[in-house]
Amino acid sequence: MAFTVREIMTLPSLSKFNLVAGKGGLNNYIITAGIVDYEFVEGLDYDLSKAFEKDSIVISSLLFAKDKPELILPAIKFLKKSGVGAFAYKQILFETLPEDVIAYADKNDFPIFSFRDGAWFENIIFEVMAAVEKDDARYLSEAHIEKMIKGEATQEEVDNIRRGVSLLIDRAVSAGYVKMPELDANRVLRSFYMSKNLKEKVLVSKYEEGIFVLITTSS
């Protein structure tokens, strides 16, 4: 369901990232990944309110700050405020970051990494999402679901599963099971992991020929 920044950095595409600031935030959680491209371009009329996901690692070439390094600090502050767990930039336009950015990241425990050629944005995002999906499957495997349905799961097992999924769901949760001949469970799962809005309120798990859906509310 989630990894720490420290754990995510062991993935092949991220293993050569260099930590440049914010080492106090290496235990921040990561559940998804995203890209900063044009969002912070000066003068651009763009709604940033839902641009970035909480507990994500965001990667960028810093193209929006080309010839204007003063735009980097406001962007980093916004990412931190949005609940982003870590930031990484490719050393194309900037070899190093401005001192005020480094100081802010260190003070606020916001991990910032740098990386060079050899790590493609698409590969980074794919590996992060694949790792999270695999972790979800481990917590909510069909074997675990069946034991809970039959009442055979121990309290320790239930507590472990609950801790694993608690980053996305709140206390009030409804569960449903959908099964029909034309249902493509694998396609549903792929669509779920590609949808930012769904992941904020729903957790989907395959079970036999159908899917379990956990739907959460804030109360």
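Here is a walk through this structure, one feature at a time. Keep in mind that the model is predicted.

Let us begin with two helices. Packed helices are described by the angle between their axes and by the distance between those axes. Helix H2 covers residues 72–81 and helix H3 covers residues 99–107. Their axes come within 9 Å and cross at roughly 20 degrees. Angles under 35 degrees count as roughly parallel, so H2 is roughly parallel to H3. The crossing also has a hand: for H2 and H3 it is right-handed.

Next, look at charged side chains. Those of opposite charge can pair when their charged atoms come close. How many salt bridges does the structure hold? There are two salt bridges.

One of them joins Arg116 and Glu95, with 2.2 Å from N to O. This pair links distant parts of the chain, the two residues being 21 residues apart. Arg116 sits in the loop between strand E7 (112–115) and helix H4 (121–139), while Glu95 sits in the loop between strand E6 (86–90) and H3. Arg116 has 46%, so it counts as partly exposed. Glu95 has 42%, so it is partly exposed too.

The other salt bridge is between Asp55 and Lys54, whose closest N and O atoms are 3.2 Å apart. Are these residues buried or exposed? Asp55 counts as buried because its relative accessibility is 12%. Lys54, in contrast, is exposed because its relative accessible area is 55%.

Now turn to strand E5, where you will find Val58. With a relative accessible area of 1%, Val58 is buried.

Ala130 and Thr32 are 98 residues apart in sequence, yet 9.5 Å apart in space from C-alpha to C-alpha. Ala130 belongs to helix H4. Its relative accessibility is 31%, so Ala130 counts as partly exposed.

What about nonpolar side chains on the surface? Which residues form a nonpolar patch there? They are Tyr38, Val41 and Leu44, and together they have about 250 Å² of accessible area. To find Leu44, follow the loop between strand E4 (32–36) and strand E5 (56–60). Leu44 counts as partly exposed because its relative accessibility is 40%.

Finally, let us visit the backbone at two aspartates. Asp67 has a phi near 65 degrees, a positive value in a residue other than glycine. You can find Asp67 in the loop between E5 and H2. Its relative accessible area is 71%, so Asp67 is exposed. Asp109 likewise has a positive phi, about 50 degrees, although it is not a glycine. The place to look for Asp109 is the loop between H3 and E7. With a relative accessible area of 35%, Asp109 is partly exposed.

Methods:
Residues are numbered from 1 along each chain as its sequence is written. This is a predicted model: local features need pLDDT of at least 70, side-chain atom pairs count only at pLDDT 80 or more; totals for chains, interfaces and linings use all residues. Side-chain values use heavy atoms; hydrogens and water are left out. Patches are made of residues with over 30% relative accessible area and no salt bridge: like charges are joined within 9 Å, nonpolar side chains (Val, Leu, Ile, Met, Phe, Trp, Tyr) within 5 Å. Accessible areas come from the Shrake-Rupley method with a 1.4 Å probe; for residues, only the protein chains shown count as cover. A salt bridge is a side-chain nitrogen of Lys or Arg within 4 Å of a carboxyl oxygen of Asp or Glu. Helices (H or I, at least four residues) and strands (E, at least two) are DSSP runs, numbered from the N terminus. Buried means under 20% relative accessible area, exposed over 50%, partly exposed in between (1.4 Å probe, protein chains only). Axes are lines fitted to C-alpha atoms, for helices over the stretch in contact, and angles run from 0 to 180 degrees between N-to-C directions. Angles under 35 degrees count as roughly parallel, over 145 as roughly antiparallel, 65 to 115 as roughly perpendicular and the rest as oblique. A crossing is left-handed if the near helix is turned anticlockwise from the far one by less than a right angle, and right-handed if clockwise.
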